[in-house]
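Subject: Structure handover

Hello,

Here is the structure I said I would pass on. Please look through it first; my notes follow below.

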Amino acid sequence: MKKIGLILAASAALVAGTGWAIAQHGPPPPTVVMAGSAHPIPFELFRGNRVIVTAKLNGNATEMILDTGASITTVDRAYAKSIGLPAGQKVTALGAGGTVEAELVSNVTVELGGMRFEKMTVAVMDLEPVGRGIGHPMNVVLGREFFNSAVISIDWAASQLKVTPHAAFAARKDAATLELKRRGPFNTIPVAIAGANPVEALLDLGNGGALSVPETYWGERPELTSLPYAEGQAGGVGGLHPSRNVTLPRVVLAGKSFANVPATLGSGGSNHEPARMTNVGIGLLKQFHVDLDLGRDRIYLTPRADAPAFERDRAGARFDLLGDRLKVAFVSPRGPAALAGLKNGDEIVAVDGVKVTPDFYGARDWSRGSAGTPVVLQRADGSKVTVTLKDYY
């Protein structure tokens, strides 16, 4: 069994994207055929923090999650089997939480937005645990092949992507143009945290949070170690690790300063390069109109007049969606859920009288409602607990 490197983009919320990085010699790039003009693609911003589009894989229409932190498009093992993908080359890979098994399958075709990717190599692995945490099946994670092939513009308000050939793209006059650095197959973007000099952070559309920072960076900065925090979990494929949820007093991105930014202070990192695993996600990117020109190592960011407030968890619990119930997978000590008596392993069958169903997460995320809001959770045994939402970190 061949061993490859797998880098998993650290998520500031529940789980990471499925960011693959093949250590040395990656698969050859696919053949790309695309329309000659801009082509719109509608998307769903699932729970406010995952970009999902409908596309075709080998002629089969399915939803795909977009992830700039995935160096290779990844397909769930059960879904791959259901559409008849052949077995591939077995590999062992290292995820954010440990070692995982996968396969590399060649000669796959993907179609979306006037683009057709032929002779694509994809990674096949079990994405079901990640889907449970997100609350949405993860059949396919569409990675850097898509973003390298054209300029991808994101209109958050209209829930629409626009795909423009490089030669036909013209940036907005008021956009800040950032030349991005490369770290392996990924791009990094400069971000300044709590008044310090900018650091190079992974640009990660698969990260549903705003910002995550490794311990090798925040652990050496008293102004970060002293911040009030709530215990949390971060990670992804392969497992989760303890983390701190904090509110950063100030973050600067593309010349714009943001106050009171929710962030994850994670574990791990690099002693040789302390800020290496810093990660900028959707929470910050939603503050701008975004034009991703990653094939030429550029991004254009235009501040939004209608930018949304930063979303933050106000419940202090993590759930896995299991059909008709939410199973409590983690409760943050001293958080609102813990104070209300919620415990690991509890199974929730209704929220404020609304029954849990497999598509329950299609509605607004109740755990991110306004502070002071009481939410009644009904357990499977019929008992109820009221969680009063609160800014607890």
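Strand 5 and strand 9 (residues 99–112) run antiparallel and are joined by 2 bridges. Strands, like helices, are DSSP runs numbered from the N terminus, with at least two residues (E) for a strand and at least four (H or I) for a helix. Two strands pair if DSSP finds at least two bridges between them.

The model is predicted, so to speak of local features requires pLDDT of at least 70, and side-chain atom pairs count only at pLDDT 80 or more, while totals for chains, interfaces and linings use all residues. Residues are numbered from 1 along each chain as its sequence is written, and side-chain values use heavy atoms, with hydrogens and water left out.

Strand 5 and its other partners

Strand 5 also pairs with strand 4 (residues 44–46), in the antiparallel sense, over 3 bridges. Phe-46 is opposite Arg-50 of strand 5.

With strand 6 (residues 60–66), strand 5 has antiparallel pairing over 6 bridges. Here Thr-54 faces Glu-63 of strand 6. The hairpin of strands 5 and 6 has 2 residues between the strands. Asn-58 lies in the loop between these two strands and has a positive phi of about 50°, although it is not a glycine. Asn-58 counts as partly exposed because its relative accessibility is 36%. The classes are buried under 20% relative accessible area, exposed over 50%, and partly exposed in between, using a 1.4 Å probe and protein chains only.

How enclosed is strand 5 (residues 50–57) by the rest of the structure? It is largely enclosed, because 6 of its 8 residues are buried.

An open sheet of 6 strands has antiparallel pairing and the order 3-13-12-23-24-14. Its edge strands, each pairing on one side only, are strand 3 (39–42) and strand 14 (176–179). From one strand to the next, the twist averages 20°; axes here are lines fitted to C-alpha atoms (for helices, over the stretch in contact), and angles run from 0 to 180 degrees between N-to-C directions. Within the order given, strand 12 (residues 151–155) and strand 23 (residues 288–293) run antiparallel and are joined by 3 bridges. Ile-154 has Val-290 in strand 23 as its bridge partner.

The nonpolar cores

The largest nonpolar core has 68 residues, and Phe-146, Leu-211 and Leu-248 have the most contacts inside it. A nonpolar core is a set of buried Ala, Val, Leu, Ile, Met, Phe, Trp, Tyr and Cys residues joined through side-chain atoms within 4.5 Å. Strand 10 (residues 115–125) gives this core its largest share, 5 residues. A second, separate core has 36 residues, among them Ile-65, Leu-326, Trp-366 and Val-375.

Which residues does Phe-146 contact, leaving aside its neighbours within four places in sequence? They are Ile-41, Leu-66, Leu-112, Met-115, Phe-117, Ile-152 and Val-163, where contact means heavy atoms within 4.5 Å.

Lys-119 is found in strand 10. Lys-119 is not a glycine, yet it has a positive phi of about 55°. At 59% relative accessibility, this lysine counts as exposed.

Regards
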